[in-house]
Amino acid sequence: MNTEQVGGFKGTYSISDDEIVVSVTHTWNEEWDWEGENDPVWNEESDEYVFLFTPGSSTLAVTDFYEEVIVMDKITFGKPDFLSDPPFGWFDGESVYLAFEVTGENPYSYVWGSQYKLGTWDASGTENGYIRTVVTSYSIGDTAPYLNLNWGFLNPYSYYKGEGIQLDIEMYYGDGITTITFEPDTASIE
C-alpha cells in the first residue's frame, strides 16, 4: 500500500483548566517539486496555538484560532448487544461480512473478498449512532501475512428491527463512501 505525506505538523500539546496548547516543532514541506530534486522534508519551524475551551456536562465548546466557537456533544460508547447478537455476524448479501463480539483477542472482524481486517470495536446509541473500530491486523489474500496496524474508523449506522433485522452502515467500499445494508448472516446456520 503506497501512501504519501501531503501536509501536517509534529509537536506536542498540553491541556490545562480552560485551554489546549499545541506546540508545533516541525511543519511538512508542501513545496515538493514532483519532477525535481526537492524531496519533501519536515521543516524545523516552531509555532504555538492556544485553543480556549469550556467543558459542559455533555458538551465541549472550543474557540478556534478564528475566534469562532465550536460546540461538540459528548458521545458515550459501549458494546450494545444488538451488534453482537447475530451468532454468525452480519452479511450484505454479496461480499462483505462483519462480526462484532463482546470479548476476545480480535472482537471485530471484516471480510471483503480477499481482504481481512481484525481489531476492536465499540458503538454509541441504539437505533442510530456511530461504530468505532480500530483495525490492528490486515491481510490481503488467504495466504498473505497479517500486517500490524492501528487504523481507526468512525462509521455512522442505523439499526432496524421489525419484520426483519437490518443494519445500515456508512463506510468506505470500493472507490468511495457508501451505505451498505447488512442482515444477520444465516449462511452458516444448518
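User: What makes Arg132 count as partly exposed?

Analyst: Start with the ground rules. This is a predicted model, where local features need pLDDT of at least 70, side-chain atom pairs count only at pLDDT 80 or more, and totals for chains, interfaces and linings use all residues. Residues are numbered from 1 along each chain as its sequence is written, and side-chain values use heavy atoms, with hydrogens and water left out. Now the label. Buried means under 20% relative accessible area, exposed means over 50%, and partly exposed is in between (1.4 Å probe, protein chains only). Arg132 has 35% relative accessibility, so Arg132 is partly exposed.

User: Why is Asp122 called buried?

Analyst: The relative accessible area of Asp122 is 18%. That is under 20%, so Asp122 is buried.

User: How do you know that Asp122 and Arg132 form a salt bridge?

Analyst: The rule asks for a side-chain nitrogen of Lys or Arg within 4 Å of a carboxyl oxygen of Asp or Glu. Between Asp122 and Arg132, the N to O distance is 2.7 Å. That is within 4 Å, so the pair is a salt bridge. The count by this rule is one.

User: What makes Arg132 count as lying over the face of Phe77?

Analyst: A charge sits over a ring if NZ of Lys or CZ of Arg is within 6 Å of the ring centre and within 35 degrees of the ring normal. Arg132 is at 3.9 Å from the ring centre of Phe77.

User: Where does the charged end of Lys117 sit?

Analyst: The charged end of Lys117 sits over the ring of Tyr110, 4.7 Å from its centre.

User: Why is the pair of Phe100 and Tyr108 called tilted?

Analyst: The structure holds eleven aromatic pairs. In the pair of Phe100 and Tyr108, the ring centres are 5.7 Å apart and the planes are at 35°. Rings of Phe, Tyr and Trp (its six-membered ring) pair if their centres lie within 6.5 Å; planes under 30 degrees apart count as stacked, over 60 as edge-to-face and the rest as tilted. Phe100 is buried, at 5%. Tyr108 is buried too, also at 5%.

User: Which residues do ring pairs link into a cluster?

Analyst: The cluster consists of Phe9, Tyr49, Phe51, Phe65 and Tyr66.

User: How many residues line the largest pocket, and which are closest to its centre?

Analyst: The largest pocket has a volume of about 260 Å³. It is lined by 15 residues, and Tyr110, Lys117, Phe153, Met171 and Tyr172 are the closest to its centre. On a 1 Å grid over the protein atoms alone, a pocket is an open set of points where a 1.4 Å probe fits, with protein on both sides within 12 Å along at least five of seven lines; lining residues have an atom within 4 Å of a point. Points are joined across faces, edges and corners, and the volume is the space filled by probe spheres set on them.

User: What classes of residue make up that lining?

Analyst: Eleven are nonpolar, three polar and one charged. Ala, Val, Leu, Ile, Met, Phe, Trp, Tyr, Cys and Pro count as nonpolar, Asp, Glu, Lys and Arg as charged, and the others, Gly among them, as polar.

User: Why is Glu67 called exposed?

Analyst: Glu67 has a relative accessible area of 71%. That is over 50%, so Glu67 is exposed. Glu67 is in the loop between strand S4 (59-63) and strand S5 (69-73). Its phi is near 65°, a positive value in a residue other than glycine. Most residues other than glycine have a negative phi.

User: Is Thr186 buried or exposed, and why?

Analyst: Thr186 has 52% relative accessibility. That is over 50%, so Thr186 is exposed. Thr186 is found in the segment after S13.

How values were computed: Helices (H or I, at least four residues) and strands (E, at least two) are DSSP runs, numbered from the N terminus.
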